[in-house]
Amino acid sequence: MKRRHFITLLGGAAAWPLAARAQQPDKMRRVGVLMTLAADDPQSMARIAAFLQGLQQLGWTDGRDVRIEYRWGAADADRIRKGAAELVALTPDVILSVGTPGVTALQQVTRTIPIVFVTVADPVGAGLVASLARPGGNTTGFTVFEYSIGGKLLEVLKEIAPRLSRVAVLRDPAIASGIGMWGAIQSVAPSFGVELSPVDVRATGEIESGVGAFAREPDGGLIVPGSAPAIFHRDRIIALAARHRLPAVYPYRFFVAAGGLISYGPDPVDEYRRAAGYVDRILKGEKPAALPVQAPTKYELVVNLKTAKALGLTVPDTVLARAGEVIE
């Protein structure tokens with residue numbers, strides 16, 4: 001009887017590790033996030049909230065089954081490169097990266113850790129992926145717009161301020177998308193009868209001196225394409241446009257909500273929700289190489305009537321009819 005009792009206990013003991021393993025939660029996964037804005041920027045908060053919400057809807061909760069590590073670039077190239085290196089050193093399962101500078105910095109230090117990007121303008125032209133349909137390598141994600149939107153921005157600006165004959169384009173010449181957008185606007189400028197002037201947007205001093213010099217001549221306006229420096233310095237840019245009475249067109253709604261005149265572009269927050277889906281699929285075993293790069297699904301025109309009135313502009317009915325939102 002004692003021998004049978006011992007065998008029973010031994011058999012039960014052998015099963016304990018299996019039972020314990022069955023009761024333990026799945027392995028904690030690690031996700032890196034490389035942001036090009038500052039941590040306290042309201043846009044950063046809104047975008048990260050959308051990303052976390054998207055992950056939660058797919059069953060992932062930060063601190064429970066996934067640990068999220070953040071690095072913040074604050075529109076500074078050195079900080080972005082440093083953040084990329086630090087995230088890769090943590091060997092996460094996947095990294096969410098924002099903008100061409102962030103993805104470029106990551107690809108310089110890893111070709112194996114999966115990368116999902118958002119708000120990249122031309123991932124093929126920048127050499128980030130082999131093609132949109134079959135990205136190849138370790139990188140895929142969501143484009144923010146095509147360069148052809150540059151012509152649309154100029155068209156919208158001329159429609160709301162038809163007397164314009166001179167337009168300054170605030171660009172970041174250090175990144176491919178800044179050069180590409182400038183080229184796209186240049187190609188259509190003659191058909192709108194405007195002369196273009198580039199203004200570098202990497203630092204506050206450059207923006208103030210460039211816009212101030214441009215505004216000395218009459219009949220001028222501004223085009224502000226999407227870029228991390230433009231978003232980082234947005235309050236200064238909007239204030240300069242108001243001070244110099246320059247009609248300006250912006251890439252996103254939040255510029256207009258903050259006092260800008262008009263915007264045309266996609267919803268960047270939506271990209272973060274969609275990116276959560278790709279992060280989920282990669283965490284479940286899919287490869288970035290097989291996930292096609294996706295484009296925005298919706299573009300929206302937003303107008304600020306108060307700003308138009310302050311500039312002495314009458315917004316045409318054709319613009320109001322197309323606007324997805326009119327801020328009064």
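This is a predicted model: local features need pLDDT of at least 70, side-chain atom pairs count only at pLDDT 80 or more; totals for chains, interfaces and linings use all residues.
How many nonpolar, polar and charged residues does the lining of the largest pocket have?

**Figure 1. The largest pocket and its lining.** By class, its lining has 19 nonpolar, nine polar and five charged residues. The pocket has a volume of about 580 Å³. It is lined by 33 residues, and those closest to its centre are Thr100, Pro101, Asp172, Ile175 and Ala228. Helix H4 (99-107) is among the elements that supply at least two lining residues each. The others are helix H3 (77-89), strand S4 (115-120), H6 and helix H8 (228-232). H4 gives the most, with five residues.

**Figure 2. Threonine 100, a residue of helix H4.** Thr100 is found in H4. It is one of the residues closest to the centre of the largest pocket. Is Thr100 buried or exposed? Its relative accessible area is 10%, so it counts as buried, the cut-off being under 20%. Beyond residues up to four places away in sequence, Thr100 touches Val120, Ala121, Ala126 and Leu128.

**Figure 3. Isoleucine 95 in strand S3.** Ile95 is found in strand S3, which runs over residues 94-98. Its relative accessible area is 0%, so Ile95 is buried. Which residues does it contact, leaving aside neighbours within four places in sequence? They are Gly32, Leu87, Val88, Leu106, Ile113, Pro114, Ile115 and Val116. Ala84 is 11 residues from Ile95 along the chain, and their C-alpha atoms are separated by 9.4 Å.

**Figure 4. The largest cavity.** Rolling a probe the size of a water molecule over the atoms shows where empty space is left. The structure holds two cavities of 30 Å³ or more. The largest of them has a volume of about 80 Å³. Its lining is made up of Phe145, Val169, Leu170, Arg171, Asp172, Ser177, Gly178, Met181, Trp182, Pro225, Gly226 and Ser227. Two elements give two or more residues to this lining: strand S6 (166-171) and helix H6 (176-192). The largest share, four residues, comes from H6. By class, the lining residues divide into six nonpolar, four polar and two charged. Asp172 lines this cavity and is also listed among the residues closest to the centre of the largest pocket.

**Figure 5. The second largest cavity.** This cavity has a volume of about 30 Å³. Which residues line it? The list is Phe145, Ile149, Leu153, Met181, Pro225, Gly226, Pro251 and Tyr264. Seven are nonpolar, one is polar and none is charged.

**Figure 6. The buried side of helix H7.** Helix H7 covers residues 204-214, and its buried residues are Ile207, Val211, Gly212 and Phe214. Why do they lie on the same side of H7? They cover an arc of only 165 degrees around the axis, which puts them there. An α-helix has 3.6 residues a turn, so residues three or four places apart point the same way. What do the buried residues of H7 pack against? Their partners are S6, strand S7 (195-200), strand S8 (220-223) and helix H9 (234-243).

**Figure 7. The nonpolar cores.** The largest nonpolar core has 56 residues. Those that touch the most other members are Leu170, Leu196, Ile223, Ile237, Tyr250 and Ile262. Helix H5 (residues 149-160) gives the largest share of this core, six residues. A second, separate core has 25 residues, including Val31, Ile68, Val279 and Leu283.

**Figure 8. Tyrosine 250 and its contacts.** Tyr250 belongs to the largest nonpolar core. Not counting residues up to four places away in sequence, Tyr250 touches Leu153, Val224, Ile237, Ile238, Ala241, Phe255, Gly260, Leu261, Ile262, Ser263 and Tyr264. Two of these, Ile237 and Ile262, are also named among the core members that touch the most others.

**Figure 9. The chain as a whole.** The chain has 13 helices and 12 strands. Its C-alpha trace spans about 105 × 40 × 35 Å along its principal axes. Of its 328 residues, 50% count as buried. Among contacts with a separation of 6 or more, 68% join residues 24 or more positions apart.

Technical notes: Residues are numbered from 1 along each chain as its sequence is written. Side-chain values use heavy atoms; hydrogens and water are left out. On a 1 Å grid over the protein atoms alone, a cavity is a set of points where a 1.4 Å probe fits but cannot get out, and a pocket is an open set with protein on both sides within 12 Å along at least five of seven lines; lining residues have an atom within 4 Å of a point. Grid points are joined across faces, edges and corners, and a volume is the space filled by probe spheres set on the points. Ala, Val, Leu, Ile, Met, Phe, Trp, Tyr, Cys and Pro count as nonpolar, Asp, Glu, Lys and Arg as charged, and the others, Gly among them, as polar. Buried means under 20% relative accessible area, exposed over 50%, partly exposed in between (1.4 Å probe, protein chains only). The arc is that of the directions from the helix axis to the C-beta atoms. Contact means heavy atoms within 4.5 Å. A nonpolar core is a set of buried Ala, Val, Leu, Ile, Met, Phe, Trp, Tyr and Cys residues joined through side-chain atoms within 4.5 Å.
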